[in-house]
Amino acid sequence: MADTVRTQYQHFVPQFLLRNFSHPYRPQKDDRKKSNRSKRKGEKRIFPGERVVNTLDLSEDSPAPCEARVNRILGQMDMYRDTSKPSPEQQQIEKMFSRLEGQASIIFRKITKAFEQDEKELWLTREERNLVRKFLFLLKYRGSGFHQRFYHENTECYKADDRELLWEYMAERGFKRPTDVWFDNLRTIMELRMDPEGKWMGDLPKRMFVHDAMWFIGHVQGTYMAICTPSNPSDEFIVTDNCYNVFEGPNCFVTDKTTGKVEGGSHTSLHEFAPISPKLMVILRSCVLPVPEEDANPTIKEERDFYHSIALGAVYNEEVKSLLSELPIAKARNNYSEIIDGRVQLIAGEDGKQRKDHKFCFKYFPIETEHVHIINGIFLQNAHVCSRVVFGTKDNFSRTLEAHLTSPWNIMIGDDANLRLEFLKKLAKVSKSLGSEKEPVWREEPVPEVQDYEAYRLCKVEIARQFSRGIKSDWKCDTENEFLQVYNSLGGSVNTFPVDMNQARLMWKLRVKIDVWSKGIDESLRQRNRLLLIESYLRLPPHRVWIFVKYMRFAFLERSKGFKAGVDLDDSFQGPENTIARGKYLLSNFMQNMLTKIASHIINPERLAQLIYKATKNDLDMKEQPDINLWAKINTPNMHGFKQLMLLKQLASCQPQYIRSCGIYEIEQLARNQELEVLKEGVQSQESPGHSILEESEKVEFVTRMRVRSKFVKALSGNIDLSLMNDLKRVFFEILFPTPT
């Protein structure tokens, strides 16, 4: 007889958390009528003493507060059942959740118990904290929204924006259904051991769908955790189906002119939430927001300000301020550092390495009613797709509803704006039934139009595809992948690659925004702003600058050819900037073991980022005007001659301007000697190109370049491979420092 699998009601919000919102059921006089209504729905009778929660059943046309059993709320039948497995294994994911919840519940009980005993703080080990962080992510990823995203028997039913990437991943791993990917990802995260050294961050993207792996890493590493409690005893937190999967932060939409469909534009999570009782809430705050004790260090503050500018300033047209920017929370303190004079300093014996025995002190931060209402309001703004709202007491919930209905933040926008408005009006009816006389307040905002959103989406997919290849490659053994070899030679690694890809993308967005914001002002001021921004970029590590210029090159190709005309991402990964970087790993045989030293021998590290950027910019500037011959004689003033001179000056505008500062010691010495000879002989007028309008210093520079070019190979002989030597010479005298033929 074949094995049968018993049907189960499986929670996406664990029962141990729901119990914190529960109370024993006590039948009231009018419960007979409610009982009859429940029986019509097929619900079982609730017995006295059973754990129940106060809830609003949103599936009703006219919902009213009621009670529901903890073991039959915020879940679905067989939600995690894997029907592709043999019967004994079909409930494996649910069993794994049960084990993880058992471990996590001990820590959460520790948090609630300390609070109940009126303690002001509690200590968690690194292992305990990491388990909480993993558990909080899984509360998102196991939820009803992701069940709807992944739970399909056919590949074609998966409609998310990353669908091409998921289809490719399924083919690569042999998965038949999107459901298989979800279950495998859940299993991988639950089994993950987060070692203190952070090696897990390099391993995880190779074990699961890489883009969701990077989301998990960003969730853990890009935010810090704090615990809040209402300062007003009358205030309480609520729970909805998706409250663990919503965020506070800017969220923009666009309308595709081609299809008329409203699509998701940009969004940035600044705060995320995890209610664990009516009186306790875990807040995850983005690390791009200020941390005073760390920002007292000027270097850290400069870095955080930079990340803040590219995470927010690079994306949105207006200044972004978090609704919870004044939320009085802070990073947990620890047993390996202390704050002295407002600055974080390591204690004696610590070297900055993360260790298993480190502990973290979490305070219970009291927050005002305003902030409680904002957080609950965020939950209710996103509850139009939910089945339930769970709350502590009816009186507190009534105040919560009233605050939400009259909030100035009820903005109807997006592809589901009509559903949101209908839901707001539904909540208004509930609020009136609880005695409120307030009317709902909302506003509608126009959605900006864009041309061909699908092309934009496909562009993002292609960039993500290349990102995935970089993450999953064996960085030590993949000698055929030039992209990775170049990036690695510049000091990048599998650990820096995800950050560099993301930050470089935002850097490019900010560069574009600078032009958009400054339209209409004096062009010299616009150019100054561009140069200041690029100067700040060029202080970053060369491997990040190299990724940034790839975004520049891709944008140029997309603009010149159009995405649908066949922009090949491989084209954007080539370029003279690669030749600059290749000097670090394509060496002559006797120097193959000196890779880490060769940068100081060939290119000065302080010039490397400048050369990478200048090689890219000059190359694109010349391709922008392919009809201009830089060295044609200008006999009479005309527009073509004017453009020729302007391009020459444009190509010299980036640092380093002169070949005597090119960053290669041997060439710098040669150039200085040749320049002195040119000045001594006074031959610049005879040997320089026939542009009488050129300044004297420019003529000297061109003649110097001509002389250096003839001695370039000899000056570097024995330092680098001959094939690289010829490539480097071409890049130097055709692109970096254009030289008359």
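## A mixed sheet

Strand E10 (residues 251-256) pairs with E11 in the antiparallel sense over 4 bridges; strands pair if DSSP finds at least two bridges between them. Phe-253 has Gly-264 in E11 as its bridge partner. This is a predicted model, in which local features need pLDDT of at least 70, side-chain atom pairs count only at pLDDT 80 or more, and totals for chains, interfaces and linings use all residues. Residues are numbered from 1 along each chain as its sequence is written, and side-chain values use heavy atoms, without hydrogens and water.

The open sheet has 3 strands in the order E11-E10-E21, with mixed pairing. Strands E11 (262-267) and E21 (449-450) stand at the edges with a single partner strand each, so one side of each lacks a neighbour in the sheet. Helices (H or I, at least four residues) and strands (E, at least two) are DSSP runs, numbered from the N terminus.

## A helix across the sheet

Helix H15 (residues 453-472) lies across E10, E11 and E21, at about 125° to E10. Axes are lines fitted to C-alpha atoms, for helices over the stretch in contact, and angles run from 0 to 180 degrees between N-to-C directions. Contact means heavy atoms within 4.5 Å.

## A helix pair

Helix H23 (residues 605-624) packs against helix H24 (residues 639-651) at an angle of about 165°, with axes 10 Å apart. H23 is therefore roughly antiparallel to H24, a term for angles over 145 degrees. The contact involves Lys-614, Lys-617, Asn-618, Asp-621 and Met-622 of H23, and Leu-647, Gln-650 and Leu-651 of H24.

Methods. Angles under 35 degrees count as roughly parallel, over 145 as roughly antiparallel, 65 to 115 as roughly perpendicular and the rest as oblique.
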